[in-house]
Amino acid sequence: MLAQRKPGFWNRIYLVEVIRGLSITMKNFLFHKKVTLQFPEQRRDYSTKFRGQHYIKSVNGVENCTACMLCPTVCPAECIHIVAGEREDKEKYPVKFEIDSLRCCFCGMCEEACPKDAIKLSNIYEMSQQNRTVYEKDFLLEQRGNK
Amino acid sequence: MAKCTIDGKEVEFTPGENLIKVAKRAGVDIPVFCYHPGLTVVAQCRMCYVEVEKMPKLQTACSTNAAEGMVVKTTSEAVKKGREGTMEFLLLNHPLDCPICDKAGECDLQDNSFGSGSAYMRHSEERRTYVDVDMGDVIQKNMNRCIHCTRCIRFGDEIAGIHEMVAIKRGNNIDITTIDGKQLQTEYAGNYSDICPTGSLTLKDFRFKKRAWMLKKTDTVCEGCSKGCNMEIQHEGNAIYRCVPRENLEINKYWMCDEGRFNYHYTQDPARILNPVQKVGAAWSKITWDQGLSALKSETNAVNTLFLLGTDLTLEEMSAIRETVTRNHKNAKLLSFGTHGVETSAQDKSQDQILKMKSKTSNLMGAEKLGIEALQGKAKADVVVVFRGGRAQLPAIESKKTIGVGVFLEKEVTSFDVILPGLAFTEKDGTVINHQGKEQRLKRAVLPREKCKAIPEVLMLLLNQKTREVLA
């Protein structure tokens, strides 16, 4: 059985501990560098390897993607849906290219698997949304945050 | 029995067997391109190099027959170097467009390049390119990817019985094409795509639909005719994408006709009836299963009822129907229908001396074995009930009321009054008997769509009012 110890007088009034605690708080408040940013005006610099919002790279207005389906194959979240088709200037191209942004876990495996350097993850991290958003092909082709 | 040694393992062989077959039995896979077990040996691709002791040079395994006491090495340095050299030659002109090639994932060139080739290439010159001819409705050609194994030429000559593919010009300019650039004539054109070791000949029907590795595979039997070719249904997400033949040396060997290969399309036809429907005027209106079954029950109590049973049903379904009819409709007649002009298995002859049979349903023999007589001429009765698996050709029907149970397309059943939707051959398990009397199993590849029900289930609900209430 544990022996119960009665707290002494100084312990009971807590004053010493409160002063000690507040002194740490004030020290950090007054003398340390701030860790927060004034977000929209100030922005943090991220590494170029940062994995943010997706885009499909296009060269001269033609998407690099050939709908080889390696990204949906490798995707662990199964969030990429592609329908392949054929058109005059390109033997195989994605008619439909959708990324379910809520399912995506931003692992970057699609970027790694892509043989055509088409799907890429940009530096954009502001992706808050009010409803379930599926990135359509037209949206992905806008070269937002092109690296 | 004669014995030889392959990679240190002793294997028995029958004289005349080539080293590829013998090695396969020893568990050694030899990479091949031009060799195909169903075609003659030409030893053109030089991929199957093996080292045979006491022979000065590397030998091609496909054209070397095993001999008593032969010692074969398939993994020695010389063999590796030989195969690597062959691979480098074959890839000189190959465009490496695997991302857009339909063969990727099941491509011999990919597999063998990965297994025996080098990871680097020394070739930096321009590759040759071709303008492709139109090969007809079945095959899409891409000559740039070709490695001139001539499997397609030999297939046409030896199996399809039509010499339509040829090799013109020589050396680097060789062109595998049809005579005068004509379209393919054979009804077995789909096999060109199966045997092509690269993506030179691919199916137009499957073009860009799915990648090979995404498909799930179910072994089943073709229901196109009474031959009963073994085939594999490749499907994903409850949709079928293609059918390919399976090896069965007693029935179809390695091949399959285009009719059977593309037969599955009717199961996914938008005009297929997927809900119980009733004819109101000229249009169909949806009814519940309960209403449909009540209609079936009240109509079949009429004095003069004829039950027609398609020979495209499985044995299980046929015997369930026969039981129900003999027990509950003692006055009714039960007859089978299948192909116009082919009523008995004696009339069922080979159509083209290759694979196709005259009977266009899979289970004519099964109906005969169950003792169900065939319908002759017109179907004439007050009420006609038609059970059909989807492929049997509907006979001319003269009746006051016609009820269909099974798979029907809208345009086929303009004279029907009630349709209860059933399962197609891709959606059910069962047994069929082919023209040789061989029993084979159908296996379910995809789940039933919408409100379709299997025929045994329909019969059970018909007989058992209580079950129907519970299920409703």
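Author: In this predicted model, helix α3 of chain B runs over residues 108-116, and its buried residues are B:Leu109, B:Asn112 and B:Ser113. Around the helix axis they cover an arc of only 105°, so they lie on the same side of α3(B). Part of the cover over these buried residues comes from α2 (77-90) of chain B. On the face turned away from the buried side, α3(B) carries B:Phe114 and B:Gly115, both exposed.

In α10(B), the buried residues are B:Ile455, B:Val458, B:Leu459, B:Leu461 and B:Leu462. Their directions span an arc of only 165° around the axis, which means that they are on the same side of α10(B).

Helix α10 (residues 455-463) has a packing partner in chain B, helix α8 (residues 315-328); the two axes are 9 Å apart and meet at an angle of about 20°. Because angles under 35 degrees count as roughly parallel, α8(B) is roughly parallel to α10(B). The crossing of α8(B) past α10(B) is left-handed. From α8(B), the contact takes in B:Glu316, B:Glu317, B:Ala320, B:Ile321 and B:Thr324, while α10(B) supplies B:Ile455, B:Pro456, B:Leu459 and B:Leu463. By type, the residues of this contact are 6 nonpolar, 1 polar and 2 charged. Two of the residues that α10(B) brings to the contact, B:Ile455 and B:Leu459, are also among its buried residues.

Burial in chain B is also found in a loop. B:Asn263 sits in the loop between α6 (258-261) and β13 (277-280) of chain B. With 22 other C-beta atoms within 10 Å, B:Asn263 is buried, because the cut-off for burial is 20 or more. Leaving out residues up to four places away in sequence, B:Asn263 touches B:Cys222, B:Glu223 and B:Gly224. As for B:Glu368, which is 105 residues from B:Asn263 along the chain, the C-alpha atoms of the two are separated by 24 Å.

That leaves the contact between the chains. Here 5 residues of chain B are in contact with 11 residues of chain A. The side of chain B that touches chain A consists of 4 nonpolar residues, no polar ones and 1 charged residue.

Technical notes:
Residues numbered from 1 in each chain as written. Chains lettered and ligands numbered in written order. Predicted model: local features only at pLDDT ≥ 70, side-chain atom pairs only at ≥ 80, totals over all residues. Contact = placed C-beta atoms within 7 Å. Nonpolar A, V, L, I, M, F, W, Y, C, P; charged D, E, K, R; others polar. Buried ≥ 20, exposed ≤ 12 C-beta atoms within 10 Å, placed from the backbone. Helix = DSSP H or I, 4+ residues; strand = E, 2+ residues; numbered from the N terminus. Arc of directions from axis to C-beta. Axes fitted to C-alpha atoms, helices over the stretch in contact; angles between N-to-C directions. Parallel < 35°, antiparallel > 145°, perpendicular 65-115°, else oblique. Left-handed = near helix turned anticlockwise from the far one by under 90°.
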